Amino acid sequence: MTAVLFKALGFILMIALGYCMKARHILQQEDSQVLMKIIINITMPAALISGFRTFSIDFSLLFALGIGFGMNLLLLAAGWLYSIRKDGETRALYLLNTPSYNIGNFVLPFVQGFLPSSAILCLCMYDAGNNPYGAGITYSAASSVSGGDGKLSVRNILRTLFHSPPFLAYFIMLMLYLPGIRLPDAFFELCTLFGQGNAFLAMFTLGLIFEWHLTRQDIREVAQILGLRYGLCLLAAAVVFLLTPFDPVTRQTLCLCLIGPITTLAIPFGLSCGCRQSMIAALSSMSMVISFVLSLFLLLLWA
């Protein structure tokens, strides 16, 4: 338990450092865009590739893919039904922030820091099911109710996915490994070296983008969106952990994925749909806080 607390404290300090750098005007919130590009294009793909060093296909990985896709579908349907009588802008907030997860920038560092390297493969498969929603499905649904110009198109969703370096990284590795092609250990050692910076950069960036500017009248709406999301997510995590027959590492990884925060893509998509920036920032920030507390609680429980 001491080791878990020490690593958790390290993550808190990384986030706090990012926030302090912004508060003291050493860095600006806009600088997070540069760090996000480094994470998405370099450190995150490297961290994901390193997990394929001991890759092997089993049913639990296929289950992770299915639950990633199915859970997002459930959350999207819940957001659609719950907001059916609300105005277009509010409905867009529900459809963008009830489903989809920030796996690469948030859950991956936790898995890297606290679970065996084999857990990364399970995370990758879950994210493969999650990615289509964050990359386009939720935006298409949100723009359709808010008067935007987005269209629900499989072609557009696939184009977005295959322009995503993290998705391409584990898609290519999966295509190599299915027919039995194995890459040399030196390649994985190099990827591990690059991927080790992912946890720090991801947590530091979260501190940079953390923000809370919300009027009292909007707090209730934010609470309802987050309550709907995390209520269903916690129920799903309990079912997975208690009722599935998989090994502890797989169940723990899936639980961490299921309680992950809202994808950061909800921010630009929300702005595109005409949602208020204060609401978008509040949902993103509070989601990070809630997911961090829940993840830390589970890791301490499992220690």
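**Figure 1. Lining of the second largest pocket by residue class.** The lining of the second largest pocket has 10 polar residues, eight nonpolar residues and one charged residue. The model shown in this and the following views is predicted. The space in the second largest pocket amounts to about 320 Å³.

**Figure 2. Centre of the second largest pocket.** Ser50, Gln112, Ser117, Ile120 and Thr192 are the lining residues nearest the centre of the second largest pocket. They belong to a lining of 19 residues.

**Figure 3. Helices that contribute to the second largest pocket.** At least two lining residues come from each of α2 (32–50), α5 (103–114) and α9 (185–195). The largest share is that of α5, with four residues.

**Figure 4. Crossing of α5 and α10.** Helix α10 spans residues 198–209, and its axis comes within 9 Å of the axis of α5. The two axes cross at roughly 135°, which means that α5 is oblique to α10. The crossing of α5 past α10 is left-handed.

**Figure 5. Residues in the contact of α5 with α10.** On the α5 side, the contact is made by Gly104, Asn105, Phe106, Leu108, Pro109, Phe110 and Gln112. On the α10 side, Asn198, Ala199, Ala202, Met203 and Leu206 take part. By class, the residues of this contact comprise eight nonpolar, four polar and no charged. Gln112 of α5 takes part in this contact, and Gln112 is also among the residues nearest the centre of the second largest pocket.

Methods
Residues are numbered from 1 along each chain as its sequence is written. This is a predicted model: local features need pLDDT of at least 70, side-chain atom pairs count only at pLDDT 80 or more; totals for chains, interfaces and linings use all residues. Side-chain values use heavy atoms; hydrogens and water are left out. On a 1 Å grid over the protein atoms alone, a cavity is a set of points where a 1.4 Å probe fits but cannot get out, and a pocket is an open set with protein on both sides within 12 Å along at least five of seven lines; lining residues have an atom within 4 Å of a point. Grid points are joined across faces, edges and corners, and a volume is the space filled by probe spheres set on the points. Ala, Val, Leu, Ile, Met, Phe, Trp, Tyr, Cys and Pro count as nonpolar, Asp, Glu, Lys and Arg as charged, and the others, Gly among them, as polar. Axes are lines fitted to C-alpha atoms, for helices over the stretch in contact, and angles run from 0 to 180 degrees between N-to-C directions. Angles under 35 degrees count as roughly parallel, over 145 as roughly antiparallel, 65 to 115 as roughly perpendicular and the rest as oblique. A crossing is left-handed if the near helix is turned anticlockwise from the far one by less than a right angle, and right-handed if clockwise. Contact means heavy atoms within 4.5 Å.
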